[in-house]
Amino acid sequence: MSTFPFESLRRWPDLESPELFAVDAADRLLLDELALAIEKNPNVQTSTLTIIGDTHGALTLGSMCELGFSHVLVHQDARSGELALLNNAQQLKTHIPVNAEFTQVSLDAELVTGSHIVVLRLPRGLEQLDQWAALIAAYAAEDVLVLAGGRLKHMTTSMNDVLARYFDHVEASLAQQKSRVLRARGPKRDAANAGLASWPKSEHHSDIDMTVCAQGGVFAGTAIDIGTYDLLAVLDRVSGQQGMRIIDFGCGTGVLAAQIAKLRPSATVIASDQSAAAVESARATMAANGLSERVTVVRDDGLSSQPDHSADLVLFNPPFHSGAAVHAGTSLRLFKEAGRVLKPGGELWVVANRHLSYKPALRNLVGETREVRRTPKFTVTRSIRA
């Protein structure tokens with residue numbers, strides 16, 4: 001068994017900062033649990049390993065380099081996580097056995113069909129865990145062992161209940177370094193198939209005459225968050241010039257993209273998000289509202305696939321977290337991206353919590369910024385690209 005240099009793992013192109021790490025105690029505990037599973041059943045090591053939710057590659061590369069798995073199927077919701085894994089594999093390739101490989105796949109049956117062991121980082125949302133657990137229980141092998149780990153501060157007993165919905169046996173490990181692993185066995189096929197059939201969820205909002213669709217884990221689910229409502233309230237004020245190129249940046253379920261496409265029928269509209277769940281949700285939302293031909297939905301790290309000075313308008317309800325970590329630098333990095341993509345004179349419309357006070361950063365990174373709307377919790381600003 002080789003010793004893998006976990007300390008050399010990077011988050012890039014995800015946000016990097018001294019207080020943010022590419023590997024944590026939950027990753028290490030999951031790998032320890034995986035090693036124990038191999039001790040009990042050495043045949044596990046010769047099978048394909050499935051990993052769901054690897055943040056930056058620690059689980060994928062650690063399982064190949066320290067535990068001897070030769071083939072890993074991995075699904076990461078965030079595009080930045082996929083790129084971080086690829087970058088780390090390239091930078092640390094001398095530590096990876098020559099016969100070991102990983103394949104990045106979508107969240108579908110291919111990921112888990114016939115799997116005997118599945119390792120996953122527990123998501124923060126119960127609905128995302130529900131969808132993942134149902135998928136595993138529906139398609140994995142009858143003897144599948146699921147090892148689901150996370151940091152105690154992000155775990156709840158409701159996670160045990162979700163797993164118990166789809167597995168006969170669920171037990172928890174002892175806590176170590178403020179982390180814990182849940183072990184699940186005995187897939188309940190009928191419950192799993194019924195659970196999978198319920199995705200994506202959908203809800204019609206009569207106030208804006210829109211059906212919103214959502215996969216597990218997408219922000220706000222089928223609801224429309226109040227920040228988005230504040231931006232929707234002033235969306236008819238944006239420029240109505242013909243042939244505009246408009247981007248809904250961090251589109252989530254695609255509510256803003258769908259509404260601007262209806263308000264500006266001559267515009268080319270792009271809905272962009274780095275989350276695979278968000279992209280699938282937005283595509284379903286467009287289909288449900290007859291807008292699939294009008295709105296192009298793309299998965300992207302930031303706006304990296306969009307050319308400089310190519311957009312007339314960017315709509316943005318920014319995140320203030322990177323994964324589970326709350327960090328102001330997340331939004332600032334994305335404001336800079338929006339400024340790069342905007343044409344001179346193009347506009348960035350942002351809705352954000354009032355206490356975050358983004359206006360100075362927007363002036364610096366984009367251009368002249370003015371407040372368009374203020375509510376007790378949110379402000380909507382318009383920045384014009386210098």
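**Reading burial, helix packing and backbone geometry**

Mentor: P123 is buried, with a relative accessible area of 7%, where buried means under 20%, exposed over 50% and partly exposed in between (1.4 Å probe, protein chains only). This is a predicted model, in which local features need pLDDT of at least 70 and side-chain atom pairs pLDDT 80 or more, while totals for chains, interfaces and linings use all residues. Residues are numbered from 1 along each chain, and side-chain values use heavy atoms, without hydrogens and water.

Trainee: Where in the chain is P123 found, and which residues does P123 touch?

Mentor: P123 is found in the loop between strand 4 (117-121) and helix 5; helices (H or I, at least four residues) and strands (E, at least two) are DSSP runs numbered from the N terminus. Leaving aside residues up to four places away in sequence, P123 touches Q128, L129, W132 and M159, contact meaning heavy atoms within 4.5 Å. The C-alpha atom of P123 is also separated by 8.4 Å from that of H154, although these two residues are 31 residues apart along the chain.

Trainee: At what angle do helix 5 and helix 6 pack, and which residues of the two helices meet?

Mentor: An angle is taken between N-to-C directions, from 0 to 180 degrees, of axes fitted to C-alpha atoms over the stretch in contact. Helix 5 (residues 126-139) and helix 6 (residues 157-166) pack at an angle of about 25 degrees, and their axes are 9 Å apart. That makes helix 5 roughly parallel to helix 6, in a scheme where under 35 degrees is roughly parallel, over 145 roughly antiparallel, 65 to 115 roughly perpendicular and the rest oblique. On the helix 5 side the meeting residues are L126, L129, D130, A133, A134 and A137, and on the helix 6 side they are S158, M159, V162, L163, R165 and Y166.

Trainee: Which residues of helix 6 are buried, and what do they pack against?

Mentor: In helix 6 the buried residues are M159, V162, L163 and Y166. Seen down the axis of helix 6, these buried residues fall within an arc of 95 degrees, so they line one face of the helix; the arc is that of the directions from the axis to the C-beta atoms. Their packing partners are helix 5, strand 6 (167-172), strand 7 (179-187) and helix 7 (189-197).

Trainee: How do the axes of helix 5 and helix 7 cross?

Mentor: The axes of helix 5 and helix 7 come within 8 Å and cross at roughly 130 degrees, which makes helix 5 oblique to helix 7. Helix 5 contributes Q131, A134, L135, I136, A137, A138 and Y139 to this contact, and helix 7 contributes R189, A192, N193, G195 and L196.

Trainee: Where are H309 and S357 found, and what is phi of each?

Mentor: H309, a residue other than glycine, has a positive phi near 50 degrees; H309 is found in the loop between strand 12 (295-299) and strand 13 (311-316), and at 44% relative accessibility H309 counts as partly exposed. S357, also not a glycine, has a positive phi near 50 degrees; S357 lies in the loop between strand 16 (342-353) and helix 12 (359-365), and S357 is exposed, with a relative accessible area of 53%.
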